[in-house]
Amino acid sequence: MTSKLKVLRLAYRLYFRNASFLTRFSCGFRLLRHRFFGISAPISVMIGLTYRCQCRCVHCGMKLLQDAEGAELSTEEVKKVIEAARRLGTVEITLFGGEPLLRADLEEIVAHARDSRMLPSLDTNGLELSAEKIGGLKGAGLSALKVSLDSPDVEEHDRLRGVEGCFEKAVTGLRQAVAAGLPCAISTYATRENVRSGDLRRLIELGRELGVTAVRIIDTTLSGCFLHSLPRRLAEPDRRELARLLEPGFVFLENLASSRALTHPICSALARRYAYVSPYGDLQPCCFVPLSFGNVRRDPLRKILGRLWSSNLMDYDPGRCLMNNRLFREKYLSQIDSAAKLPLEFREEGRREAEMGEDCSAS
């Protein structure tokens, strides 16, 4: 089986397997429109349901935003975002946090996405998972469950998460999801340390032992707690080792559409495949990029998305993560550091050499 066929098979097993026939048909048709007609809509919209979280992760990408004051989107407001994304032609709704399982209305939101003929997935630290909760989410129509694991070692994972018992809860939750027939993935991230120590390889093997559907690896992103962590970036030898760990059909980097291990994966935001709505309603290019192009409480999603996609932020090289792009960081890092409130309101920049931005990868 070719690599592309393995990736397609994984996409089906991870996202489509538990969907109804009508949802599969509808989402498949929208994906074909994206592929062949360049439909002007993100394939995936991530909705941050809350900044609240039980963990104190050393790598937390939301750290800079968690102290911001605001009211979380209500159940009805989240439903309206889902409906607006569906009208645009979006296929997947990713529910994110903070910790989205802290929302009491989570199953209602999942069910609304399902009823809208979309594929709802969930990212979680696993602390609130139980057999009963997994059964409820599956019954509501959840397509895929992604559980964070930062290390194959119990104590190290708990240290990185700042919560004792987090590893056992996450692993137990994955076992329960597998037993319940809910497609699930380990979600982790690559750093110099875990690539060189072999921890990343051992984490993949743990995924095989647990019987998960996939292992997703996220590249080190210089945002949140890692905003000034240039030494954590992967050097070229690390990237070559990471490339050897990828396995079409099981282990993938960032998203199923990317196979670029030796550079940063394609930025889904700049490739117009993805957009993020924060817990307070701000539309950002990505959950890691603290720039707001408008708020869904004030303007329609379509209008704000058009504002983003017509801006010259889109001039930056889509082959590099924005937060790791040297020119982007030169322009915005000091503003992010000194901001009284995040996310920053985007203001059009001069069209200089954005498309030639260099990655901040270490040599």
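**View 1. K169 in helix α7.** K169 sits in helix α7, which spans residues 166–180. Helices here are DSSP runs of H or I with at least four residues, strands are runs of E with at least two, and both are numbered from the N terminus. This is a predicted model: local features need pLDDT of at least 70, side-chain atom pairs count only at pLDDT 80 or more, and totals for chains, interfaces and linings use all residues. Residues are numbered from 1 along each chain as its sequence is written, and side-chain values use heavy atoms, with hydrogens and water left out. K169 is partly exposed, at 33% relative accessibility. Buried means under 20% relative accessible area, exposed over 50%, and partly exposed in between (1.4 Å probe, protein chains only). Setting aside neighbours within four places in sequence, K169 is in contact with G126, L127 and L129; contact means heavy atoms within 4.5 Å.

**View 2. The buried face of helix α10.** Helix α10 covers residues 236–245. Its residues D238, R239, E241, L242 and L245 are buried. Seen down the axis of α10, these buried residues fall within an arc of 160 degrees, so they line one face of the helix. The arc is that of the directions from the helix axis to the C-beta atoms. The buried residues pack against α8 (192–197), α9 (199–210), β6 (214–218) and β7.

**View 3. Helix α3 against helix α11.** Helix α3 (residues 75–88) and helix α11 (residues 301–310) pack at about 65 degrees, with their axes 9 Å apart. Axes are lines fitted to C-alpha atoms, for helices over the stretch in contact, and angles run from 0 to 180 degrees between N-to-C directions. From α3, the contact uses V81, A84, A85, R87 and L88; from α11, it uses L301, R302 and L305. These residues divide into six nonpolar, no polar and two charged. Ala, Val, Leu, Ile, Met, Phe, Trp, Tyr, Cys and Pro count as nonpolar, Asp, Glu, Lys and Arg as charged, and the others, Gly among them, as polar.

**View 4. The second largest pocket.** This pocket has a volume of about 390 Å³. Of its 19 lining residues, D282, S292, N295, R298 and P343 are the closest to its centre. The lining divides into six nonpolar, five polar and eight charged residues. A pocket is an open set of points, on a 1 Å grid over the protein atoms alone, where a 1.4 Å probe fits, with protein on both sides within 12 Å along at least five of seven lines; lining residues have an atom within 4 Å of a point. Grid points are joined across faces, edges and corners, and the volume is the space filled by probe spheres set on the points.

**View 5. Two cis peptide bonds.** A cis peptide bond joins L342 and P343, with omega about 5 degrees. P343 lies in the loop between α12 (326–338) and β11 (344–345). The bond from G97 to G98 is also cis, with omega near 0 degrees. G98 lies in the loop between β2 (92–96) and α4 (106–115).

**View 6. Positive phi at two arginines.** Most residues other than glycine have a negative phi. R117 has a positive phi, near 60 degrees. R117 is in the loop between α4 and β3 (119–124) and is partly exposed, at 31% relative accessible area. Phi of R272 is positive too, near 65 degrees. R272 lies in the loop between β7 (251–253) and β8 (274–277).
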